[in-house]
Amino acid sequence: MGARADGDRMIIDTAGFMHWPHDRIKGGMVSTSQVAEIERHAPEVYLLLGQLDVEIAMPSKESLQQITIIAAETGDLGGLSPVDLEVLALGLEHNREIATDDHRVQNVAEANNMAWRSVSGSGIRTEWRWKLRCLGCRREWQDSGLKDGEICGDCGSRVRLVKS
Ligand SMILES: [Zn+2]
């Protein structure tokens, strides 16, 4: 599951700037409002953003809107910061992989078939498994072909992606 990103620049959330070596950050992409977070949490890397060729971009209103709708459907919207939503919207808009340890960001990316990897892990997406659970009858599926937000054939409620 998960689409492959075709862009060169990975979108790196702020955890990446705190934990990754400079050569891994090099050439990455961040959202405009993320820059203040990086300055606060990784001040020494903040000073090197230009040198490390980190691209700073603002997602379009349309992609932000689309991500907000998906996050509301997966139930993650309340737990996502404006920066998280921007990071997701950039991933959507530029079709690029997102490096993040935030499970809600991962969940929304997964629900929308977007590529992501964890910051702290090996980069291989084996740490979390996902299953779908019906919000009505609680029936669960794994690898069923059903997608997040679709309708349960048993009771007609929506199914939702949850961590297994
Ligand atoms: Zn059901």
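Helices (H or I, at least four residues) and strands (E, at least two) are DSSP runs, numbered from the N terminus. The structure is a predicted model, in which local features need pLDDT of at least 70 and side-chain atom pairs count only at pLDDT 80 or more, while totals for chains, interfaces and linings use all residues. Residues are numbered from 1 along each chain as its sequence is written.

By these criteria the chain has 7 helices and 8 strands. Of its 164 residues, 37% are buried; a residue is buried if 20 or more other C-beta atoms lie within 10 Å of its own, exposed if 12 or fewer, and partly exposed in between, with C-beta atoms placed from the backbone. Among contacts with a separation of 6 or more, 56% join residues 24 or more positions apart, two residues being in contact if their C-beta atoms, placed from the backbone, lie within 7 Å.

The largest nonpolar core has 38 residues. Such a core is a set of buried Ala, Val, Leu, Ile, Met, Phe, Trp, Tyr and Cys residues joined through C-beta atoms within 7 Å. The residues with the most contacts inside this core are Ile 11, Ile 67, Leu 88, Ile 98 and Val 108. Two or more residues are given to this core by each of β1 (11-12), β2 (29-31), α5 (61-74), α6, β4, α7 (103-111), β6 and β8. The largest share, 7 residues, comes from α6. At least three residues of this core are drawn from each of domain 1 (11-117) and domain 2 (130-163), the domain bounds coming from an automatic or database domain assignment.

Helix α6 (residues 82-94) reaches 18 Å from its first C-alpha to its last, close to the 18 Å expected at 1.5 Å a residue; the expected span is 1.5 Å times one less than the number of residues. This helix is mostly covered, with 10 of its 13 residues buried, including Val 83, Leu 85, Val 87, Leu 88 and Leu 90 as well as the charged Asp 84 and Glu 86.

In helix α5, the end C-alpha atoms are 20 Å apart, in agreement with the 20 Å that its 14 residues should span. Its buried residues are Leu 64, Ile 67, Ile 70 and Ala 71. Seen down the helix axis, these fall within an arc of 130°, so they line one face of α5; the arc is that of the directions from the helix axis to the C-beta atoms. The buried residues of α5 pack against α6 and α7, whereas the face turned away carries the exposed residues Lys 61, Glu 62 and Ile 69. Val 108 touches Ile 67, Ile 70, Ala 71, Thr 74, Asp 76 and Leu 88, not counting residues up to four places away in sequence.

An open sheet of 3 strands has the order β7-β6-β8, with antiparallel pairing; two strands pair if DSSP finds at least two bridges between them. The edge strands, β7 (140-141) and β8 (159-163), each pair on one side only. Strand β6 (residues 130-134) is joined to β8 by 5 bridges, and Cys 134 stands opposite Val 159 in β8.

Most residues other than glycine have a negative phi. Arg 138 is placed in the loop between β6 and β7 and counts as exposed, with 10 C-beta neighbours inside 10 Å. Just after α5, Gly 75 takes a positive phi of about 85°.
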